[in-house]
Amino acid sequence: MTITDMPQTAAPDTPASHPPGLASDAPEQVSGTARSVSQTDKRKTIKPKRDRFVAALPYFAAVFGTLVGGIGFATSYHTLAAKALSWGFGEDLAKWFPIGVDASILAFLILDLYLILKGIPWPVLRMAAHVMTCATIWFNASAQGDMSADPVKAASHGVMPFLFVIGVEAARRLYIQKAQLEAGTITDRIPLHRWILAPWETPKFYRRMRLYRVTSYPEMVRRQQDLIAYEQWLKRKHKGDLSKASEDERLPMKMAAYGYTVAQALAMPEQQEREAAARAEEAERRRLDAETRQELARKQAEADRLEAEGKLEAVRARVEGETGQARAHAKAQVSAAERAATLEQEALDNAVVAEARAREAEAERKAADEREAKAAVDVRAAELERQAAEKRKEAAEADRVAAAEAQAIETAEIAEARQRAAEADRVAAETEKAAAETRCRAAETDRLTAQENERKATADANTQAARKREAETEYAAAERRLAAAEVERRAVEIEDAAKLTPRERALRKVVRMALEAGAVFVGLDAAGVQRELCRVVSIADVQREFDVSSTDTASKYRQEAVALIVGGYRPEQ
């Protein structure tokens, strides 16, 4: 037999008392079957009659109890009224004195039963009813004069209220017993013979039944027998020396005083080991869960960090691409501006050349005009010379006149030729001037085109600068998001290490939301911190972040976050 094997009990399932046997030791009849059948039929016939009689007993008790109570109150009323009148109560008050005394007894007893019905009994009510009953008995007994002179007469006046209280106590006991039977909490009484035969052991026996709610007396007897049988078996195992028994083997004797059975005490080490193993498993499971949550938080933070880095790299590549494109475009614009400047310079040069040519043509025209005027002067001079020659013709000889005329004709032809040459030079100068004006207008057009190209280049450069600033802003925002993700990761690790509750984590999340939104709490008091927090984090933000439908709950989150900030909390701590 192992330690946990239960030895046989001394008397398993021993009933509290043996069933009654036959009236005599006479042998049974030969026709046992017929006798059994006839006895069964007889019991079936007797049992309904007995059940009906038992069911009618409460009604008889109620009727006769009411009769006894009525008679007792009637006799008590007249006796107490006369006694009160003799005490100087007056006729009016003497009539109400017995009603008040007897009604108080009824009120206390009814209220006691009502509180028992509600499961909240108060023994003071019962004691008060008994005190008033004793007072009624005393008043009734003393109303007949000296009780020592005629005790029988005094007892006859005091017995009726006593009988009524006995009836009420019997009804109360019946009801309580029935309620305990229905609830399964009724406790067996220890027989009187046990108190007499075992006066030293029975109080311990009673103490264990009451302290550890053992309601069955046979069950307690069986436990005691099991303990004695186990102790005898243990002595036999160790040859009468219980000191050789192990601690586990001596557990039933130690734990019997605390309401444990032998089986429960022997199973206690294994049960405690199982519970310890379960606690260790639960602690290990919680530790693994915490490690898993921390690992998930680290992985999530790492994923957020990688995602932020990916976005940062994408933004950086896009910024670099746009920057390179802007540089190429700006370089192209610069080249175009340089070409436009070169063309403008060439146009200016052409304009200068055209202007020089125009001045030269103007000078040639003036020279032609001068030559024409000179030719006209020559013609006039020739005309004068011809007139002089004509006058000299009259006075000169025919040969000289003829020679003079021939010379005059020759001079006119020369002047006409010169005039035609001057006219040709003038036309050529005008043509050259028109060409110079045309070249000036072309140079002005080229200059305006260059200015327009320069304005376009400036506008494109401003656009590229704006795009660059936007890219730099987005890059800075990505860096802030990366820093926020890193702060969030560190905060999650700190919260997991501190084993914070979900509400404490939510409050710290509200603080981080405010800091991410640009809130500054340095040097502010509680009111300033609250204003700053309400400025950057609205109730709608809190509801959206934590999936909270109540605005009151979201407002409490913000208020508790303010208290957390005032208390010195920072996410990096």
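This is a predicted model: local features need pLDDT of at least 70, side-chain atom pairs count only at pLDDT 80 or more; totals for chains, interfaces and linings use all residues.
I then looked up the volume of the largest pocket, which is about 600 Å³. Its lining has 22 residues, and I listed those nearest the centre: Ala 61, Ala 62, Gly 167, Val 168 and Ala 171. Sorted by class, the lining of the largest pocket holds 16 nonpolar, five polar and one charged residues.

**Cavities**

I went on to the cavities. How many of 30 Å³ or more does a search of the whole structure find? I got three.

I took the largest cavity and read a volume of about 120 Å³. It is lined by 13 residues, and I wrote down Arg 223, Leu 227, Ala 256, Tyr 260 and Thr 261 as the closest to its centre. Which helix gives the largest share of this lining? I found helix α7 (residues 217-237), with six residues. The class count for the lining of the largest cavity came out as six nonpolar, three polar and four charged.

For the second largest cavity I read about 70 Å³. Its lining includes Gly 69, Gly 72, Phe 73 and Ser 76. I also have Asp 102, Ile 105 and Thr 133 among the lining residues of the second largest cavity. Met 160, Pro 161, Phe 164 and Val 165 line the second largest cavity too. I checked which helices take part: α1, α2 and α4 each supply at least two residues of this lining. By class I recorded six nonpolar, four polar and one charged residues for the second largest cavity.

**Helices α11 and α13**

Last, I looked at how helix α11 (residues 502-516) and helix α13 (residues 539-546) are set against each other. Their axes come within 11 Å and cross at roughly 125 degrees. I logged the crossing of α11 past α13 as right-handed.

Which residues make the contact? On α11 I found Ala 506, Lys 509, Val 510 and Met 513, and on α13 Asp 541, Glu 545 and Phe 546. By class, I counted four nonpolar, no polar and three charged residues in the contact of α11 with α13.

Conventions. Residues are numbered from 1 along each chain as its sequence is written. Side-chain values use heavy atoms; hydrogens and water are left out. On a 1 Å grid over the protein atoms alone, a cavity is a set of points where a 1.4 Å probe fits but cannot get out, and a pocket is an open set with protein on both sides within 12 Å along at least five of seven lines; lining residues have an atom within 4 Å of a point. Grid points are joined across faces, edges and corners, and a volume is the space filled by probe spheres set on the points. Ala, Val, Leu, Ile, Met, Phe, Trp, Tyr, Cys and Pro count as nonpolar, Asp, Glu, Lys and Arg as charged, and the others, Gly among them, as polar. Axes are lines fitted to C-alpha atoms, for helices over the stretch in contact, and angles run from 0 to 180 degrees between N-to-C directions. Helices (H or I, at least four residues) and strands (E, at least two) are DSSP runs, numbered from the N terminus. A crossing is left-handed if the near helix is turned anticlockwise from the far one by less than a right angle, and right-handed if clockwise. Contact means heavy atoms within 4.5 Å.
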